[in-house]
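Student: Please pick one part of this structure and look at it closely. Then set it beside the rest, in plain terms.

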Amino acid sequence: MRRNFSLLTLLFTLCFVGVTFAKSGDENKKDTPDEVKSFIKHHLKDAHYFELFHGAKMPLPIIVWDNGLKYFWSSDLKKVKVKEIMNADSTITFEKLAANDTVPKSAQDYLYEAQNSEYSLFHGKMLAGKHADLQLKLNSEGKKKLISHSPLLDFSITKSVLMTIIICFFIFLAFTALSKSYRKGPIPSGFGRLLEPLVLFIRDEIAIPNIGKAHYKKYMSYLLTVFFFIWIVNLAGMTPLGINITGNIAITFSLALITYLITTFTANKNYWGHIFWMPGVPVPMKFVLMPIELLGTIIKPFSLMIRLYANITAGHVVLMSLIGLVFFAANLFSFGAFFGLTLFLGVIELLVAFLQAYIFTMLTALYFGAAVEEHHHEH
Amino acid sequence: MEIPAIVGAGLIVIGAGMGIGKIGGSAMDAIARQPEATSKIQTAMIIAAALIEGIGFAALFAV
């Protein structure tokens, strides 16, 4: 125990020593903390292109709804640097930044303009206009807000969308192969041998204990889908593809929404009875409990959404920060320490990838179980 | 004097950490006492820990 502790202390000391070395030593500004920070921010966001490594960009289609579907490739977008001009009516407009302009960084901005159409991408939002058309205003909190345009409906096939489609296709192939292999005999062949124990695990450890033998069958398809989708997507997030799908709140929102809808529409009388007219408590208390229970039905899927999103985002941030630290290593010793720490956290993240899929499925099954529970006992 | 929101978030995270620690400790005790119920205890432990973790994350994102 004592030995373990001192080893851990040594490891942490090494890390801190490494950081200090890196901060004092590096002068050439290639790998600065700012660069790493923007790299992490960039990674967490969705993108309109697929970049495997620096320089190899694959453009993806951009599809917007602007009185009809308009589409073009993201290779058509070109970065335009602009400077902010403060007007008399306290609005801000943009002007193109000339090469010899000396404007402070805080008064600069940038956007991506399409070359062959009237669209531009301004901080992740598709707008029907170029830089000269945009007008911003400072709000009460001192933040710049766009007032001239409202963002268009964006149906683009972004990096996350593309990878989601590919992963869904992969899951579809793997599971149709598994179900087909049962025609030949009771023992699956090939990749199905890996999947079968997991399917049985979901059935025997999650679905039956939480939902009950009578009702679990109709929920199995959703539980399996959600488990394998989250798990495989999380694992794909650990590969160097640089994707972050479950760290996107829209994806987790959709998953939680489906859970909520299934719970609501398959719930029996008993479930609604416990929400609107809680049995076994005095009548005034029933009125107090009604809004609380009703709010609880929303909070449950909401916490599902936040939990998955926050876990995956936090995991990616920590991992990327540690990978970033490797580049600041001043000597081979600290390099080894950072590398070891990154490897260690990578393994932990593999566990988290499974654990989050398990917890999401488990809690979903728990909510389904509450929705179909029969009335056993008088309270 | 105004207390920054981040202090509140820190307090909540401390609370969440203590809660998860207590759950883990109690589960260990329970497993040591009844090793045959390990899987049931683990399930209940993970659910409770996940619920507390949700609160911790809500606090972090509210900042």
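**The helix pair of chain B**

Tutor: α1(B) and α2(B) are roughly antiparallel to each other, a label used for angles over 145 degrees, while angles under 35 count as roughly parallel, 65 to 115 as roughly perpendicular and the rest as oblique. The model is predicted: local features need pLDDT of at least 70 and side-chain atom pairs count only at pLDDT 80 or more, whereas totals for chains, interfaces and linings use all residues. Residues are numbered from 1 along each chain as its sequence is written, and chains are lettered from A and ligands numbered from 1 in the order in which they are written.

Helix α1 of chain B covers residues 5-33 and helix α2 of chain B residues 38-62 (DSSP runs numbered from the N terminus: H or I of at least four residues for helices, E of at least two for strands). The two pack at an angle of about 175°, and their axes are 9 Å apart (axes are lines fitted to C-alpha atoms, for helices over the stretch in contact; angles run from 0 to 180 degrees between N-to-C directions). On the side of α1(B), the residues that meet α2(B) include A9(B), I12(B), A16(B), I20(B) and I31(B) (contact means C-beta atoms, placed from the backbone, within 7 Å). Among their counterparts in α2(B) are I41(B), M45(B), I52(B), E53(B) and L60(B). By class, this contact has 18 nonpolar residues, four polar and one charged (Ala, Val, Leu, Ile, Met, Phe, Trp, Tyr, Cys and Pro count as nonpolar, Asp, Glu, Lys and Arg as charged, the others, Gly among them, as polar).

Chain B also touches chain A: nine residues of chain B are in contact with eight of chain A. On chain A, the elements giving two or more residues to that side are α8 (283-326) and α9 (332-372). That side of chain A has six nonpolar residues, one polar and one charged.

α8(A) takes part in a helix pair too. Helix α2 of chain A, residues 33-44, packs with α8(A) at an angle of about 150°, with axes 10 Å apart. α2(A) and α8(A) are therefore roughly antiparallel. The crossing of α2(A) past α8(A) is right-handed (the near helix is turned clockwise from the far one by less than a right angle; left-handed if anticlockwise). Here V36(A), I40(A), H43(A) and L44(A) in α2(A) meet residues of α8(A), including T313(A), V317(A) and M320(A).

In one open sheet, three strands stand in the order β4-β3-β12 with antiparallel pairing (strands pair if DSSP finds at least two bridges between them). Its edge strands are β4 (69-73) and β12 (153-154). Strand β3(A), residues 61-65, pairs with β4(A) over five bridges; P61(A) stands opposite W73(A), and I63(A) has Y71(A) as its bridge partner. Three residues lie between β3(A) and β4(A) in their hairpin, where N67(A) takes a positive phi near 55°.

One caution concerns confidence. Chain A averages a pLDDT of 83, with 91% of its residues at 70 or above (pLDDT is the predictor's confidence in each residue, from 0 to 100). Over residues 17-28 of chain A, pLDDT stays under 50. Where pLDDT is low, predicted coordinates should not be read in detail.

Methods. Contact = placed C-beta atoms within 7 Å.
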